[in-house]
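Thanks for coming. Please have the sequence and the model open while I talk.

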Amino acid sequence: MKPGHGTMGVMQDQKGTIVVVDDEPNISDLVDLYLAREGFRVMKTGTGEGGLQAVRDHRPRLVVLDVGLPDVDGLEVCKRLRATSQIPVIFLTARDSEVDRVVGLELGGDDYLTKPFSPAELVARVKAVLRRVDGGSAAAEVMQIGDIAIDAGRREVRVAGDPVEFTTKEFDLLRYLAERPGLALSRQQILDGVWGYDWYGDARTVDVHIAQVRKKLGDAVQIKTVRGVGYRLES
């Protein structure tokens, strides 16, 4: 595990730390260079175990995580992270199968890039994810829908008074639906509202996250499938 050097020197702490877990030095060095230009401090490691240790040691704002690592699979690393943390994760992979995408999202990944990718695009994704994570931090309102309380300030969901763990994206999705009760929302509307207009993905992403949210909420609230359109949260 080693800190990135980048090109911005003293500016590298102003936006916080990002851990980059990738065993290809040419890729991690390029990512480091671009993120450092934006003012991030970058910690690089080439193994899954090193990535887990880096998160424990440096408490980063976000993890860029390669799926194909030499020791522990990146999906397993994300699974272990999710056991104790909701830190945002952006996956990198040389594989572009639907199964990989879906599994990564189900495990709590916030975004997904297939190699080869543009470093500038990765920086844009990092900024978009962090904007979404930070966007609700100043809000103090609590929305109540039946037995569900959505606390925007604490980014916490409580079902019948008990806190339930939600990933960053699951929370944003539930809040988006809860702010529009009774409205049939298309997958594209949800993608734009939750993932942002600059997110490059497909509608399957919405389906995966809806399934996870439904599983966590149980019978506390109903998220109906609207055929040919998308989803509706029952008011």
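**A charge over a ring, and what lies around it**

I start with R37, which lies over the face of Y34, 5.1 Å from the ring centre. A charge counts as sitting over a ring if NZ of Lys or CZ of Arg is within 6 Å of the ring centre and within 35 degrees of the ring normal. Before I go on, note that this is a predicted model, where local features need pLDDT of at least 70, side-chain atom pairs count only at pLDDT 80 or more, and totals for chains, interfaces and linings use all residues. Residues are numbered from 1 along each chain as its sequence is written, and side-chain values use heavy atoms, with hydrogens and water left out.

K216 also lies over a ring face, that of F166, at 5.4 Å from the ring centre. K216 belongs to helix 8; helices (H or I, at least four residues) and strands (E, at least two) are DSSP runs, numbered from the N terminus. Is K216 buried, exposed or partly exposed? K216 is partly exposed, with a relative accessible area of 28%. The cut-offs are under 20% relative accessible area for buried, over 50% for exposed, and partly exposed in between, with a 1.4 Å probe and protein chains only. Leaving out residues up to four places away in sequence, K216 touches V164, E165, F166, T167 and E170, where contact means heavy atoms within 4.5 Å. K216 and E170 are 46 residues apart along the chain, and their C-alpha atoms are separated by 9.8 Å.

Now the chain as a whole. It has 8 helices and 13 strands. Of its 235 residues, 51% count as buried. Among contacts between residues at least 6 apart in sequence, 59% join residues at least 24 apart.

Next, the core. A nonpolar core is a set of buried Ala, Val, Leu, Ile, Met, Phe, Trp, Tyr and Cys residues joined through side-chain atoms within 4.5 Å. The largest one has 26 residues, and V157, L174, L177, I190 and L217 touch the most other members. Which helix gives the most to this core? Helix 6 does, with 6 residues. Take L217 as an example: setting aside neighbours within four places in sequence, L217 is in contact with I148, V157, V159, F166 and L174.

Helix 6 also holds D172. D172 is buried, with a relative accessible area of 9%. Not counting residues up to four places away in sequence, D172 touches R132, R155 and V194.

On to strand 5. Because 5 of its 5 residues are buried, strand 5 is largely enclosed by the rest of the structure. In a regular strand the side chains alternate between the two faces of the sheet. Here V89, F91 and T93 point one way, I90 and L92 point the other way, and all are buried. Strand 5 pairs with strand 4 (residues 62–66) in the parallel sense over 4 bridges; two strands pair if DSSP finds at least two bridges between them. Within this stretch, V63 stands opposite V89.

The rings of Phe, Tyr and Trp (its six-membered ring) pair if their centres lie within 6.5 Å; planes under 30 degrees apart count as stacked, over 60 as edge-to-face and the rest as tilted. The rings of F91 and Y112 have centres 6.3 Å apart and planes at 55°, so the pair is tilted. The pair links distant parts of the chain, with F91 in strand 5 and Y112 in strand 6, 21 residues apart. F91 is buried at 0% relative accessibility, and Y112 is buried with a relative accessible area of 5%.

There is also an open sheet of 3 strands, in the order 11-13-12, with antiparallel pairing. Strand 11 (185–186) and strand 12 (223–226) are the edge strands, each pairing on one side only. Strand 12 and strand 13 pair over 4 bridges, and T225 stands opposite Y231 in strand 13.

Last, some backbone details. Most residues other than glycine have a negative phi, and most peptide bonds are trans. R59 is not a glycine, yet has a positive phi of about 45°. R59 sits in the loop between helix 2 (48–58) and strand 4, and is exposed at 73% relative accessible area. A160, again not a glycine, has a positive phi of about 55°. A160 is in the loop between strand 9 and strand 10 (162–164), and counts as exposed at 60% relative accessibility. The peptide bond from K115 to P116 is cis, with omega near -5°. P116 lies in the loop between strand 6 and helix 5 (119–135).
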